[in-house]
Structures are given as C-alpha cells and as structure tokens.
Amino acid sequence: ADGKPFEFQDLTPAQAILMKGQDGRDGRDGVDGNDGINGTNGTNGKDGLNGLNGKDAFEVWKTLNPTGTLSDFWNFIGRKKSIMLMNTFVNSTNVFVEVPELSFDLESGKDYRIKLIGTVQSAAITTGVQIGFTFSGNIISNGFLESSVTPVSSATTLRVTIYDINSSLIGVGGKIITTGTGAISTPVLMNSEMVLRCVDSGTFKTFFASEINGSSAQMNVGSTFIIEEI
C-alpha cells in the first residue's frame, strides 16, 4: 500500500513458517589427514678415545720448583711420609757413620712429630750399639730414644731423653749408647719419638756405630722413620 519494498518482518508468524525451506542434508565428516613419515634415526657415534693421564701432583710441583726433592714436596704439602731402611747398615767401629737412607730435610718455621721404629743387633752379647741424630740448622727437640741392653744377665731397656740435636754428636742430648743387645745376632728393639720445632731449614741425619771398636753391630733392614708435620 505504501509502495515500500517487502521485508521479512512484514510477514505474519504463519507466513514466516511457510517461508522455511527444507532442512539441508547432514555434511560428511572430513577425511583424516595422512600421518607424516617418521624420519630415520641417526647412527650412534663411536666413543671417543680415552684422554692421556694427567701429571701427578709431584710432577706439577716440580715445574715450579725444578731443584726441589721429593722430601721438599712432602714438606710443602704437609703430609705424613715414611722412610724405610732398605739395606742393613753395618758398622764394626765405634765411630759414628751416617745412615744415608734415614736422612731427610726439614723446613724452617714448621713443627714435626718424628717416630723411629726398628731393630739392631750385634755379633757379641757384650757389644752394644750407638745411635745418634744431628741437624744442620737450629732446632728445638723434645723426645726419647731407647734400645734394649744386657746389664749382667737380664735384658732391659735403656731410654735416654732427646733434648739437644745439633750439628754434631758431641753432646749427650742427641744419642744413645747401649752396653749389649740381649743375644748374639738377634734383633732387639730400637724406638724413638720426638717433636721438633725447626728454627732453620736443614737436614736431619741418623748415625750408627758399634759400642766396641772391632765388634760388628748393625741396624736392620726395615727400620723406619715416620715424619708428620703438625
């Protein structure tokens, strides 16, 4: 009537229902896509060669201290070490002779606990032994040194106080002299324990002699020093 274009809202509800078309058909499910192809696994690599062994601590220390000895190295790291007599040391005179295998270096400003465990013997029951220590620098020493002796008929132990280890064996504070060894060619104990305070660096040396000139005495293989920095 007003000449305007026809619009959907002009329809009555009954007319709108008549305008409804048929339901469309249900759509089909989509096709699943193809799985991708798995890639080929790579070949495992071979183990690498073992690396070269590293240098030990002493070798590394030697690069910085080319003139240093093994004894210097032990002192440097402050560890306990032992020195064993590998050959029987024989002396048939009453003159002190150094036992080179039982000598070692000590360092200035350090304190050490030193223990000696070993055996000695002689070719005659009436022949004792002499054991002594020296140090090439100044040192404060406290300890003892003992060995078995035979006064008359019963074996006993003679102990001396170690209080003066110096550069010679003249004094009585760094040595022991026994008067017998208990039985012919039979090992008897020698034992020593000391605490040393080094004022100077130097070499601690061990000396050995027979009590009687011309009568054989010996310090036996296996006699051992244990040196510990404290």
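Reply: The protein has three helices and 13 strands; helices (H or I, at least four residues) and strands (E, at least two) are DSSP runs numbered from the N terminus. This is a predicted model, in which local features need pLDDT of at least 70 and side-chain atom pairs count only at pLDDT 80 or more, while totals for chains, interfaces and linings use all residues. Residues are numbered from 1 along each chain as its sequence is written, and side-chain values use heavy atoms, with hydrogens and water left out.

Some totals set the background. Of the 230 residues of the protein, 34% count as buried. Here buried means under 20% relative accessible area, exposed means over 50%, and partly exposed lies in between (1.4 Å probe, protein chains only). The accessible surface comes to about 14800 Å², and carbon and sulfur atoms hold 53% of it; areas come from the Shrake-Rupley method with a 1.4 Å probe, and for residues only the protein chains shown count as cover. Among contacts (heavy atoms within 4.5 Å) with a separation of 6 or more, 79% are between residues 24 or more positions apart.

The part to look at is strand 5, residues 111-122. Strand 5 pairs with strand 10 in the antiparallel sense over ten bridges, where pairing requires that DSSP finds at least two bridges between the two strands. In that pairing D111 is placed opposite R197 of strand 10. Strand 13 is another antiparallel partner of strand 5, with six bridges, and there L116 has F225 as its bridge partner. Strand 12 also runs antiparallel to strand 5 and is joined to it by three bridges; V120 faces M219 in this pairing.

The whole structure holds eight salt bridges, each defined as a side-chain nitrogen of Lys or Arg within 4 Å of a carboxyl oxygen of Asp or Glu. One of them joins K115 to E193, with an N to O distance of 3.4 Å. K115 belongs to strand 5 and E193 to strand 10 (residues 188-198), so this bridge links distant parts of the chain, 78 residues apart. K115 is partly exposed, at 23% relative accessibility.

E229 lies in strand 13 (residues 224-229) and K110 in the loop between strand 4 (104-106) and strand 5, so the pair ties together parts that are 119 residues apart in sequence. Of these two residues, K110 is buried, at a relative accessible area of 15%, and E229 is partly exposed, at 25%.

For a salt bridge elsewhere, E146 and R159 meet at 3.0 Å, N to O. E146 is in strand 7 (residues 139-149) and R159 in strand 8 (residues 156-162), 13 residues apart. E146 is buried, with a relative accessible area of 11%. Shared partners join the salt bridges of R113, K115, E193 and E228 into one network.

S223 lies in the loop between strand 12 (217-219) and strand 13, and is buried at 0% relative accessibility. A polar atom of the S223 side chain lies 3.4 Å from the backbone nitrogen of T119, and a polar atom of that side chain is 2.8 Å from the backbone oxygen of N220. Leaving aside residues up to four places away in sequence, S223 touches I83, M84, L85, L102, I117, G118, T119 and M190.

Strand 11 (residues 202-210) has its own set of partners. Seven of its nine residues are buried, so strand 11 is largely enclosed by the rest of the structure. Strand 6 (residues 129-135) pairs with strand 11 in the antiparallel sense over seven bridges, with Q130 opposite A209. Strand 4 runs antiparallel to strand 11 and is joined to it by three bridges; D105 stands across from T203. Two bridges connect strand 3 (residues 97-98) to strand 11, again antiparallel, and E98 is set against F207.

Note on methods. Polar contact = N/O pair within 3.5 Å; in protein donor to acceptor, adjacent residues only side chain to side chain.
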